[in-house]
Amino acid sequence: MAASSREHVLSLYRLLLKESKKLPSYNYRTYALRRVQDAFRETVEDPKVVEELLNRARDSLALIQRQVCIGKMFAIQKTVVEQEEKKSD
Amino acid sequence: MMNGTLSRKLLGSMCGISSRRLSFAQSAVNAVQKQKELIKSRELEKDELRPLYMDFQATTPMDPRVLDAMLPYQVNYYGNPHSRTHAYGWESETAMEKARKQVADLIGADPRETVFTSGATESQQYCVARFYKAKKTHIITTQTEHKCVLDSCRILEAEGFEVTYLPVKNNGLIDLKQLQETIRPDTSLVSIMTVNNEIGVKQPIKEIGHLCRSKNVFFHTDAAQAVGKIPINVNDWKVDLMSISGHKISGPKGVGALYVRRRPRVRIEPLQNGGGQERGLRSGTVPTPLVVGLGAACEIAQQELEYDHKCVTVLANRLVQKIVSEIPDVVKNGDPDQRYPGKIRLSNCLFFLKWESLLMALKDVALSSGSACTSASLEPSYVLRAIGADEDLAHSSIRFGIGRFTTEEDVDYTVEKCIQQVKRLREMSPLWEMVQEGIDLKSIKWTQH
């Protein structure tokens, strides 16, 4: 039970990061990545709280997928900082 | 603004500067004048990169979670929440009441005490302009309030009410003793904003609330900039009226809320009359998608309050330390401790170099020098005047706003550009050279022809 839970949590984490990277808006993308990473880094002991957080994570995943589609439909120019990131890569 | 010949003659006669440098002064003045004309609005080109957004006090980007909550009510659940006879109405009403509870939970109030309005300005109208005054005709407010409150007070003065504009100390906070002395037996309302939108100082609202309650005076606070950023409890703070704005907490624009205390009862007169919605205080169909967005924004703000505060504090300290370490003579306005860290106002002491020059030079970063309501005017901000800033400090100050979506890269980029441009503009400025030579600019006697 504990092992599959851990696998499950890790796969959810990877999926969230993968979807967050697709967000077209610079503000939303950076916030989503940062928030997801910080949320999963917190240590939580109580299994009920863990369950609730996992539910929230699943809802967030669906939300991010929808927002990626909407963002792509209304895409605009990139911000100055994104261009700098691309140059440094 | 001095003209070129005047500056040349005066500088030459007063300070013994060579003519070559004086023509430089002429060109600097011309440059500033040209730059003043250049801040006109224009659309961004298709391939042009967007500037970084560092103006979180003016408005905030809408959180994607808020948009996600609002969309079903824009597309499918379009019923009028006041329709009582079919499912469309019932589901809209349920959503509206859920949003009301979310807003009330954020400020520690009862859902029956919140009224949805079209924004903080409308809420303020209820609290100040339409407040039930009866025999008491004295109102107290501060000199650093938001323009809508000051404007309402001005109109009330014309109607025969007496308004006292309390001065603030140099750090932006009000003096509690002075407030206590100003409260008279015929004072009906005290209106003081929680967090100032220009300098970011946080007033001692709890103490003010207790003071007003002890003197039986109603207390209104404009919490548009404070809601969702600092913990608020209207019962602890003894607040009777509070204005909330949606678009300052990553919610939709065009919606806000008003908190009206029920025990002890606060009576206000309705601005809009009609079908009796919102307890008869604000008739008109409640815009379900917008209030659902406001409710979602409030719930998210409550969950993320600590996390956001931590991130914003770190970024704000980073910004201020980097700028102050590279550029000498930079002053941060407002109290260093009693403040919300995300709103920073720096006076760059550029001497004869107005904020428009720096803002024009920093065209890759979206900044402002004052509140959006007063940005059309070229006069320096009245808030800075109220905290006693010198004329030249007031003219050369910039406001940085940091919020939930600001990243480290944003701050680093802004700081780098700011330092670069300030150094460049200062090198061009003849008055900066004079300051470096040790001449006190205040000792120069400028005369007029």
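Student: What is the volume of the largest cavity, and what makes it a cavity?

Tutor: Its volume is about 190 Å³, taken as the space filled by probe spheres set on grid points joined across faces, edges and corners. It is called a cavity because, on a 1 Å grid over the protein atoms alone, it is a set of points where a 1.4 Å probe fits but cannot get out. By this rule there are three cavities of 30 Å³ or more. Keep in mind that this is a predicted model, where local features need pLDDT of at least 70, side-chain atom pairs count only at pLDDT 80 or more, and totals for chains, interfaces and linings use all residues; side-chain values use heavy atoms, without hydrogens and water. Residues are numbered from 1 along each chain as its sequence is written, with chains lettered from A and ligands numbered from 1 in the order in which they are written.

Student: How do you know which residues line the largest cavity, and which lie nearest its centre?

Tutor: A lining residue has an atom within 4 Å of a point. The lining holds 19 residues, with Lys229(B), Lys248(B), Tyr340(B), Gly403(B) and Arg404(B) nearest the centre. Helix α10 (residues 288–326) of chain B gives the largest share, three residues; a helix here is a DSSP run of H or I, at least four residues.

Student: Which domains does the lining draw on?

Tutor: At least three residues come from each of domain 1 (64–300) and domain 2 (305–441) of chain B, with bounds from an automatic or database domain assignment.

Student: What is the area buried between chain A and chain B?

Tutor: About 2,300 Å², 57% of it from carbon and sulfur atoms; this is the accessible area (1.4 Å probe) lost on being put together, summed over both parts. Tyr31(A), Gln77(A) and Val80(A) supply 27% of the chain A side, more than any other three residues.

Methods. On a 1 Å grid over the protein atoms alone, a cavity is a set of points where a 1.4 Å probe fits but cannot get out, and a pocket is an open set with protein on both sides within 12 Å along at least five of seven lines; lining residues have an atom within 4 Å of a point. Helices (H or I, at least four residues) and strands (E, at least two) are DSSP runs, numbered from the N terminus. Buried area is the accessible area (1.4 Å probe) that two parts lose on being put together, summed over both.
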